[in-house]
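Dear colleague,

Please find the structure below, handed over for your own work.

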Protein chains: 2
Amino acid sequence: MGRRSIHTSDELRELIVQAATDIVDHDGLSGLSAREIAKRVNYSPGTLYNVFDNLDDLVLTIEARLLDRLAERLDLVESGGTPQHRLCRLADAYLAFTQENPKLWNLLLEHRMPTGREIPDWYRAKLGSLLTPLTDALTPLLDSFDAQEKEQAARTLWAGLHGITSLSTADKLSPIANHAAGQTVDDFVTTYISGLKNRHAN
Amino acid sequence: MGRRSIHTSDELRELIVQAATDIVDHDGLSGLSAREIAKRVNYSPGTLYNVFDNLDDLVLTIEARLLDRLAERLDLVESGGTPQHRLCRLADAYLAFTQENPKLWNLLLEHRMPTGREIPDWYRAKLGSLLTPLTDALTPLLDSFDAQEKEQAARTLWAGLHGITSLSTADKLSPIANHAAGQTVDDFVTTYISGLKNRHAN
DNA sequence: GATGTATGGATTGAGCGTCGTCCCATCTTT
DNA sequence: AAAGATGGGACGACGCTCAATCCATACATC
């Protein structure tokens, strides 16, 4: 089993992902090409296809790592204070992360799978697991809620955050919310939670 | 001044926009190409560039028309009922429109201007004007709010709606909110408004 | 009025550079 | 020798450009 390479397959995979991430972080998705990646890692374009099925597969890997980094970041948020306060800090951390990595976050928003190629299950799972810090922080507030209501509240929070961050990142859509996205996040979280408290307090 | 054409410049522009819209509506942005458009309108690819600066210019035109259609749709929402009810109906109409035109709405979400080319002002203005039905419907609820708070509330509502609709449309991001987006919209609007009412009721 | 001709915008389509992807000859280690 | 790793040319499609061509009009001539 002849191996010519200096790098193991895993190392090569790592090099490619790193180079591709650098390109996107610097130039956005439009700057990414198989030839440019190959140039940076000193391999030929064809070699990329020994490691990844295609460029979308590679992009999905970049996105997955970004989601992992976001999850780590949310884990670092301290757990003290009132539930409202904690939720605000979670939301702020989420927003901060997207603003620190605008080009990479944009990748997540603009990239689409080509028709016919499906989003793998591990990716969907990773996305779904981002909900748990929110649901955890939300539970102490929702004693009187049934399971379905809790789930719905978490979904709504997540969707709202997603809306604010994507408006803040993709300047194409934000003649509105670009400045003071932090303000919008706080307004959204505190007001929505305040509304939740109303529900069973009639 | 010889004109060879069957069509006036305006007619040709119309034909091109229509063909391009059809393509996107059927195959998404990835199916759109100058050559395919040209084939459908029976002109050569080069002719497109007499009418549009480039494909991004054309795509922006498609998007603008989509926003116009959305604005018309929101105008049709009846104005009766409580402000809450009216806001819910506005939000539902917004969601319904995006779900009736998933591929076109996706265009709005995934398309980006190439680096260096700016989003024209008329486009930003069109986007901004989508806020006014929301602010109008919101005002009766916010008597005790100052101008800044009103604006903030409208922004938050808009961003939240945007989040829910884009999760519902771009299946890449929605292992979560895909089903029952309508439920999420209603939960969001009613709960957020309920929270707003709390603010000056202490 | 009929005919010829010059004008100049409209249109074409080959061509440039780039892209993702494929594939096979080649290399290198076992 | 065997077999996996690699290089790099090739293919079709892409956005976009531009010199060449076309033809409806405007004018000149008879």
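Predicted model: local features only at pLDDT ≥ 70, side-chain atom pairs only at ≥ 80, totals over all residues.

Residues are numbered from 1 along each chain as its sequence is written, chains are lettered from A and ligands numbered from 1 in the order in which they are written, and side-chain values use heavy atoms, with hydrogens and water left out.

The interface of the two chains

On the side of chain B that touches chain A, the elements giving two or more residues are H4 (55-75), H6 (102-110), H7 (121-129), H9 (147-169) and H10 (181-199) of chain B. These helices are DSSP runs (H or I, at least four residues; strands are E, at least two), numbered from the N terminus. H9(B) gives the largest share of that side, 13 residues. By class, the side has 21 nonpolar, 17 polar and 10 charged residues.

In contact terms (heavy atoms within 4.5 Å), 48 residues of chain B meet 48 residues of chain A. The two chains bury about 4300 Å² between them, 60% of it on carbon and sulfur atoms; buried area is the accessible area (1.4 Å probe) that two parts lose on being put together, summed over both. Two salt bridges are counted between the chains, a salt bridge being a side-chain nitrogen of Lys or Arg within 4 Å of a carboxyl oxygen of Asp or Glu. In a salt bridge of Asp187(B) with Arg199(A), the closest N and O atoms are 2.8 Å apart.

Chain B is superposed on chain A by a rotation of 180 degrees with 0.0 Å of shift along its axis, at an RMSD of 0.1 Å. The two copies are therefore related as by a two-fold rotation axis. Since 98% of the interface residues of chain B are also interface residues in chain A, the copies meet through the same surface.

Within chain A

Chain A has 10 helices and zero strands, and its C-alpha trace spans about 70 × 40 × 35 Å along the principal axes. An automatic or database assignment gives domain 1 (7-52) and domain 2 (64-199) of chain A. Their C-alpha centres lie 30 Å apart, and the contact takes nine residues from domain 1 and six residues from domain 2.

These domains of chain A bury about 690 Å² between them, with 63% on carbon and sulfur atoms. Val24(A), Asp25(A) and Leu29(A) supply 60% of the area that domain 1 buries against domain 2, more than any other three residues. One salt bridge is found across this domain interface.

Over all chains, the search finds 18 salt bridges. One of them joins the side chains of Lys126(A) and Asp68(A), at 2.9 Å from N to O. Lys126(A) lies in helix H7 and Asp68(A) in helix H4 of chain A, so the pair ties together parts that are 58 residues apart in sequence.

Yours sincerely

Notes. Nonpolar A, V, L, I, M, F, W, Y, C, P; charged D, E, K, R; others polar. Least-squares fit on C-alpha atoms with pLDDT ≥ 70 in both.
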